[in-house]
Each structure stands twice: as C-alpha cells, then as structure tokens.
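Welcome! Let us take a friendly walk through the structure below, one topic at a time.

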Protein chains: 2
Amino acid sequence: MKAETLATGDEILTGAVIDSNSAYIAQKLEETGIEVVRHGCVGDNIEAIAAILKEISTRADLAVITGGLGPTLDDITADAAARAAGVELVFDREAMSCIENFLKTQGRDVIALNKKQAMLPEGSECLFNSVGTAPGFVLKISRCVFFFLPGVPSEMRMMISDGVLPWINKLQKGKKSFSLVKTISTFGLAEAAVNERLAGLTKKFPKIKLGLRARFPIIYVKLYVRGKNKEKADILLEKALEFVLNKIGNFAFSADGESMETVAGSLLRKEKATIAVAESCTGGLISNLLTNVPGSSDYFLFSGVTYSNKAKIKVLGVSEATLKKCGAVHEETAKEMADGARRIAGATYGISTSGIAGPGGGTNEKPVGTVCIGVATADSVEAYRFNFQFNERSRNKMIFSITALDLLRRQLLGKTSETH
Amino acid sequence: MKAETLATGDEILTGAVIDSNSAYIAQKLEETGIEVVRHGCVGDNIEAIAAILKEISTRADLAVITGGLGPTLDDITADAAARAAGVELVFDREAMSCIENFLKTQGRDVIALNKKQAMLPEGSECLFNSVGTAPGFVLKISRCVFFFLPGVPSEMRMMISDGVLPWINKLQKGKKSFSLVKTISTFGLAEAAVNERLAGLTKKFPKIKLGLRARFPIIYVKLYVRGKNKEKADILLEKALEFVLNKIGNFAFSADGESMETVAGSLLRKEKATIAVAESCTGGLISNLLTNVPGSSDYFLFSGVTYSNKAKIKVLGVSEATLKKCGAVHEETAKEMADGARRIAGATYGISTSGIAGPGGGTNEKPVGTVCIGVATADSVEAYRFNFQFNERSRNKMIFSITALDLLRRQLLGKTSETH
C-alpha cells in the first residue's frame with residue numbers, strides 16, 4: 001500500500017510552525033509496513049485543500065490529513081473533503097456526542113461553533129477524539145482511504161493509535177504480510193559512533209532494516225523486519241537485538257524504547273529505593289522528567305531547585321566555606337548538594353547538578369556547558385565534571401539532566417565506572 | 001508570484017528526520033512578499049522527483065528544492081531535474097571550480113565523486129556554495145524558476161541569503177509586495193471562545209487574515225496582512241491588534257507571541273522582584289519553565305519540589321497540623337507552601353501548587369485534575385482551587401503550571417481578580 005501525508009494550515013505553510021506531524025505519521029505508517037511516498041502541505045484555503053485531496057485520491061491507497069478540524073472559521077478541511085469527494089456536509093450524531101462528551105468532562109457547554117465540528121462529509125465515518133473537541137473522520141475518495149485528524153500533535157498522536165492504526169489493521173487483513181519493529185534507547189554515543197558500532201548488522205541480518213533516530217540527547221536504534229512468518233521474525237529480531245546490545249553495551253539503557261526517567265524510576269522501584277534531587281543549572285528539569293512518570297511518587301521524594309547560593313546553604317546545607325573556596329560550579333559543591341538533598345528528604349539516593357547552561361555566565365575556566373554532577377548514597381558521595389559543547393541553554397539543561405539520571409541508573413546497576 | 005517548496009530524501013519521507021528547511025524557506029519567501037502555496041516531500045527516487053518537479057513547473061512561478069545534491073549515488077536531484085526539463089546533464093566549469101575552491105579551503109583533494117556534483121542540467125546556472133561541496137543551481141522548467149539547494153540546513157540557509165534572495169529581487173523588479181504577521185498569546189479561553197470574541201474582526205478589517213493556533217494550553221491569535229505599502233499595513237495591523245486586545249482582555253498576556261514564563265519573568269525583572277516556588281503536583285515543571293528563560297537567575301531564587309509531606313514540613317515549614325486537618329491538596333496547605341518558599345528564599349513573591357495530576361490518586365472529593373495554587377506576597381497570601389478535566393498527567397502538570405504563572409502575572413499586574 002502506498003500512502004501520503006498532508007498537513008494543512010497557514011501557520012505551517014508560512015513557516016511560522018515547523019510541521020512535526022508528518023514525520024510522526026510517516027514513522028507509524030512505516031512501522032505497519034506501509035510505504036509513504038509523499039508529504040504535502042497547503043494553507044487554510046478550501047480550493048487548495050480540495051485540489052490536493054483530489055490529486056492524492058488518484059495516486060495513493062491511504063492518506064493521513066492533519067489540521068483544520070477545529071471549531072473556527074478558518075477550519076475548513078471537512079468542507080474541502082466534501083468538495084473533493086463531491087458530497088455534502090451532513091450532521092453526524094456520533095461526532096456530536098463525541099464533542100458533547102468531551103466538553104462535559106471539561107465542564108464546558110456546547111456552543112454553536114462546536115456544532116460545526118459535527119458536520120462531516122456524507123459517507124464518512126467519525127473518528128473518536130478523547131482529548132479534544134475536534135472529531136476526526138475516515139472518508140474514501142476514489143481509490144484512496146483518507147484519515148482526517150486534528151493538527152494538535154497530542155490529539156493527532158492519540159487518534160493515530162486509537163483510531164487510524166486499528167483501521168489499517170482491518171485494511172491489511174488477508175494480506176498476511178506484517179512488520180515488527182524493536183527500539184533500543186541509547187545515551188552517551190554520537191549517532192555516527194552508534195552507526196559505526198552497528199556496522200555489519202545488516203550483513204549479518206540481511207532481512208533486518210536498521211534505522212537510527214535522534215531525539216536529543218537520545219539516539220534510538222530501530223530494527224524493522226517485514227515477513228509472513230511471525231515466529232521466525234520474532235527470533236530474528238531477538239538475535240539482532242542481542243547483536244545491538246553487545247555492540248552498544250551499557251550505553252543502551254532500554255530495549256523497549258523507554259525514556260531514561262522511566263528506566264531510572266523502574267530501577268528505584270525494584271530496589272524499593274527513594275530519590276532526592278538538588279538542582280542548580282537544570283532548574284527543575286530533572287524533577288520534571290522524573291515526575292512525568294506515573295506513580296513516580298512511590299520513589300521521588302524531593303527536589304531543591306537552588307539557583308541562589310543562599311538557597312543552597314539554607315535548604316541543602318551546603319557549607320558557605322565550600323561555596324567560597326570552590327564556587328557554585330564545583331565537584332565539592334555538587335557532592336554537598338547531593339548529600340544534603342538526600343539527608344533532608346531521608347532518601348536512599350541523592351543526585352545534584354551545578355553548572356553553566358548559558359548563554360551567559362561562562363568563564364575561560366568554566367565555559368558554558370560545564371556541569372558538575374553529584375551522586376550520593378548512604379555510604380558514598382561521588383561527583384563528576386563534564387563539559388558539553390552545545391551553545392544552547394535548553395540543550396544544555398537537557399543533556400545535564402539526562403547525564404545525571406544516567407549516572408543514577410549506572411549507580412543502581414552497580415556499573416558507575418563501566419563505559420562500554 | 002506563487003511559490004512552492006520541495007524537500008527530497010528518504011530520511012525525511014520516512015520520518016527519521018523532521019524537515020525544518022521548508023519552514024525556513026517559506027518564511028524567507030513570505031518576507032519578500034512571495035506567496036508560498038504548497039510544500040512537498042518525496043524520497044530519493046528519480047521518477048518520483050522528476051514527476052513532482054513537472055507538476056510544480058505547471059503550477060508555480062518559483063520553487064525552492066532541497067536535498068540530493070551530494071556526491072553519493074543516492075544524490076539524484078540534478079538527474080531528476082534534467083529529466084523533468086527534458087535536457088541532458090552537462091559538465092559545468094563554474095560548478096567544478098566552486099567545488100575545488102571549497103575543498104582547497106578544507107585542505108582536501110577533489111575525488112571522482114565530487115566531479116559528479118559538477119554535472120548540472122543543460123541550461124541551468126550554478127549557485128555558489130561557500131560552506132559545502134554541493135553547488136546549487138537555478139533552472140527554468142516551463143513557467144517556473146527552480147532553485148536547487150543542498151539539504152544541509154547551514155548550507156541551504158547561506159545559499160538562500162547569498163544566492164536565492166538576490167535572484168528573487170531581480171525577478172521582482174519593482175512589483176515588490178510583502179507580508180506582516182502579528183501573534184497574540186492568550187490563556188484561559190477555549191479556542192472556540194477566543195474565536196467567538198473575535199467574530200467581526202474580519203468584517204471590520206477585511207484586509208487582515210485571522211488565524212488561531214493552539215499549543216496546549218496556549219491559544220495564539222495570528223493576524224496576517226499582505227500589501228505594497230508597509231506603513232499602511234503597519235497601521236492596519238496596530239488597529240487590528242487593538243481590536244483583539246480589547247475583545248480578549250486580560251486573557252491576552254503577550255502581543256508578541258511570548259511564552260507565559262517569559263512574560264511573568266519580564267514583569268518580575270521590571271519590578272526588580274524575585275520569585276520562589278513550592279511545587280507538589282507540578283513536580284518541577286514551573287521552575288523548569290521559569291529557568292528556560294535566559295537570565296532568569298536575576299529573579300528566580302528557589303523552588304522546593306516537595307512530593308512527600310515530610311519535605312513539605314521540613315523544607316517549606318508547612319505545619320503538620322494543617323496537613324493533618326486539611327490534607328496535602330488544600331488551599332490552606334497551598335498558602336503555607338507558597339509563603340514558606342517565599343520566606344526561606346527571601347523572595348518578593350512565592351507561588352505554590354498542590355494537586356492531583358493523575359492517573360492515580362483521585363478521590364470523589366478531590367478528583368484527578370484538582371489543584372490548589374497559592375500566591376504569597378510580603379503582606380498577603382491567597383489560594384485558589386481549580387478542577388481541570390484532562391485525563392492526562394502531562395497535560396495536568398502543564399495547565400497547573402501555566403495557571404500558577406498566570407496568577408503570578410495577574411498579581412504583578414494588580415489584576416488578580418479581573419477575568420475579562
């Protein structure tokens with residue numbers, strides 16, 4: 001099956017917003033074994049949308065369209081779809097109740113504009129939206145099955161997994177061919193280095209397609225296999241996974257594409273251990289990551305985000321002498337911060353960050369990108385200094401945080417020093 | 001003039017890489033007054049590229065194509081362009097010397113593969129590349145002038161400013177128009193409600209195009225105007241902005257598309273005030289947002305992320321009695337948290353959050369989505385209770401945090417109670 005994606009919206013067309021939906025959708029479709037052959041984008045213009053929908057309907061078997069399903073006047077995708085299909089917009093009870101249910105959960109009333117969202121092209125089927133007012137819909141135009149989804153990424157993603165992928169499975173029934181994908185999360189090696197370590201994989205496993213995907217600062221190794229015999233494919237994938245883990249070693253932290261915070265959290269839970277954090281330059285990002293994981297309250301006790309030295313002293317009990325002697329960005333300070341947080345919260349482990357995220361604050365001796373990370377346990381306190389070369393505040397905050405969580409992970413695995 | 005962009009490359013088509021070039025190019029073209037009507041993307045497939053180039057040549061006056069100009073075998077864009085134009089690839093001396101010059105600056109020798117990069121479609125003109133080996137080229141196919149550029153963003157950007165824009169100025173000769181856009185950030189009104197309040201804007205300002213964009217939980221109002229007379233357009237835009245701010249009132253927090261944390265930070269700086277935060281359910285997100293703003297160390301002193309009651313008591317000085325009597329999620333507790341953080345850090349203001357982000361932890365009396373937010377000043381402590389209905393942990397954390405920052409903003413503006 002050949003598929004296309006189309007993003008609609010002036011904000012994307014004019015470049016005000018970078019379209020990340022198409023990439024996400026393409027990945028999901030590729031994982032089901034569908035070949036994506038084209039992406040497109042047009043603005044909030046009914047003729048333009050209708051025209052490109054007609055073109056797609058003659059080229060593709062399947063298409064995913066995002067954007068323009070909102071309640072407002074510039075949301076015209078349903079209109080354009082009806083025009084392309086040569087049908088009328090009709091009131092869809094299912095869509096209306098989907099909207100009503102969502103608004104009810106919001107304690108909001110249905111207004112006239114929402115009713116507009118329940119007008120779908122005749123012959124289309126409503127796609128339920130559990131996180132927004134805009135229902136999607138499926139409509140066949142000539143040979144192509146179109147999935148129309150909202151452009152809001154969180155809503156689009158939810159509807160891809162809840163609505164589109166099940167549909168595609170139905171469409172693919174009969175055609176036995178399927179595809180499996182395995183995602184290994186790695187941290188600490190550059191993309192090129194990962195690629196180098198995995199040289200030879202495709203020779204050893206010619207049926208496996210290797211893909212690397214970077215979502216800073218994590219590099220995901222993706223193993224795709226397509227086939228007819230699932231058991232065989234599973235065994236092949238397991239062997240390839242073993243090959244990858246062997247080459248990547250402890251830089252690989254999950255064989256299921258999990259996040260670093262999820263893995264660190266699971267290790268803490270397994271050990272019935274708790275964690276306290278002391279953050280300076282990461283400004284709360286470490287605690288935010290840890291607490292993004294549902295149930296993290298089982299092991300996350302406290303984080304002291306201490307930007308000011310006064311707070312470091314008063315809250316974490318860092319000694320004034322150390323701050324005077326070594327400064328805020330130093331291994332000694334990081335040690336006292338980590339141990340202080342651990343003691344105050346009565347946690348099993350304490351981790352800390354103190355560094356320079358930039359853009360300002362750098363010196364020759366401690367340039368932007370310098371960070372000291374402390375790891376405290378009941379009977380040890382270690383600190384490590386790193387210097388990252390990203391001249392971007394948000395990237396520095398992120399890589400400082402992930403590095404601290406990775407040190408915690410290695411501590412929990414008893415592999416702090418191992419680097420291969 | 002109508003323009004289109006096209007990105008080529010399997011890594012973009014399969015979603016391994018998000019295409020940011022098209023957005024950049026669209027912005028640059030829009031700034032020169034050229035209307036971008038479509039973006040496209042195809043893979044490293046000569047037939048696919050040639051086919052879409054032919055389509056574009058019949059629709060657009062101008063097109064910018066990126067990718068596939070490298071030295072390797074899957075770099076086939078020049079080939080595809082020649083095919084679409086019905087001409088041969090010919091050796092281009094200018095392109096070759098451009099390649100030689102660049103390699104010289106790198107201290108590298110010309111290899112056979114580079115010679116391939118000097119083969120351009122007959123009738124095309126070389127575009128100089130000062131930062132890479134791949135020269136670009138300009139080629140007219142039927143009515144459309146095509147600019148072919150490398151896909152490496154840094155090279156593409158350089159060649160847009162050095163090669164494409166000067167060329168466009170020549171093409172435009174006097175019939176130059178331009179477009180302006182204004183972005184207003186709003187929080188607290190649903191998209192439909194914003195739209196309802198702005199009904200009548202397009203009637204009153206027919207030359208203005210209105211666009212709403214939601215990036216949870218912020219709704220951005222975008223005003224687009226195109227014209228030949230910049231002064232007139234500026235005045236028009238100012239009038240439309242005034243209209244919008246009038247209708248949206250204090251729900252609008254920036255007339256420049258700024259983030260809530262940036263606006264709150266600027267108000268703190270203007271007042272030479274400082275902020276301390278006490279976070280429970282937001283888990284560090286408020287401090288993370290605040291510290292994403294460069295220079296935030298001028299006003300951000302401390303955040304205590306206190307998940308455990310013990311930490312609330314020990315670090316923030318919340319009274320055990322209050323926690324016993326009211327529980328962790330309560331206005332009284334939120335008040336003591338906000339005031340505690342403020343006092344410990346010696347800050348001008350203190351804000352706090354205590355609630356249930358979910359998925360677990362909800363009760364009938366305090367369901368998931370309940371949050372109590374405290375705002376403390378030197379001479380007052382207020383607390384507010386909200387109940388949001390998003391059944392998603394990350395969304396709850398985000399809307400809790402933005403609501404707290406909005407309450408701080410309103411406090412700083414002295415408009416806490418005003419809601420219109």
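## Where the chains meet

Please keep in mind that this is a predicted model. The contact between the chains draws on 77 residues from chain A and 71 residues from chain B. Together, chain B and chain A bury about 5500 Å², with 55% of that area on carbon and sulfur atoms.

## Polar and charged links

Between chain B and chain A there are 34 residue pairs in polar contact, counting pairs with both residues at pLDDT 80 or more. On the side of chain B that touches chain A, you will find 31 nonpolar, 23 polar and 17 charged residues.

Salt bridges cross this interface too, 5 of them between chain B and chain A. A salt bridge is also found between Arg59(B) and Glu55(A), where the closest N and O atoms lie 3.9 Å apart.

Now turn to Asn169(B), which sits in helix α7 of chain B, a helix covering residues 153-172. Is Asn169(B) buried, exposed or partly exposed? Asn169(B) counts as partly exposed because its relative accessibility is 43%, which falls between the 20% limit for buried and the 50% limit for exposed.

Asn169(B) and Thr32(B) are 137 residues apart in sequence, yet their C-alpha atoms are 8.2 Å apart in space.

Definitions and conventions:
Residues numbered from 1 in each chain as written. Chains lettered and ligands numbered in written order. Predicted model: local features only at pLDDT ≥ 70, side-chain atom pairs only at ≥ 80, totals over all residues. Heavy atoms only, no water. Contact = heavy atoms within 4.5 Å. Buried area = accessible area lost by both parts, 1.4 Å probe. Salt bridge = Lys/Arg side-chain N within 4 Å of Asp/Glu carboxyl O. Polar contact = N/O pair within 3.5 Å; in protein donor to acceptor, adjacent residues only side chain to side chain. Nonpolar A, V, L, I, M, F, W, Y, C, P; charged D, E, K, R; others polar. Helix = DSSP H or I, 4+ residues; strand = E, 2+ residues; numbered from the N terminus. Buried < 20%, exposed > 50% of the residue type's maximum accessible area, 1.4 Å probe, protein only.
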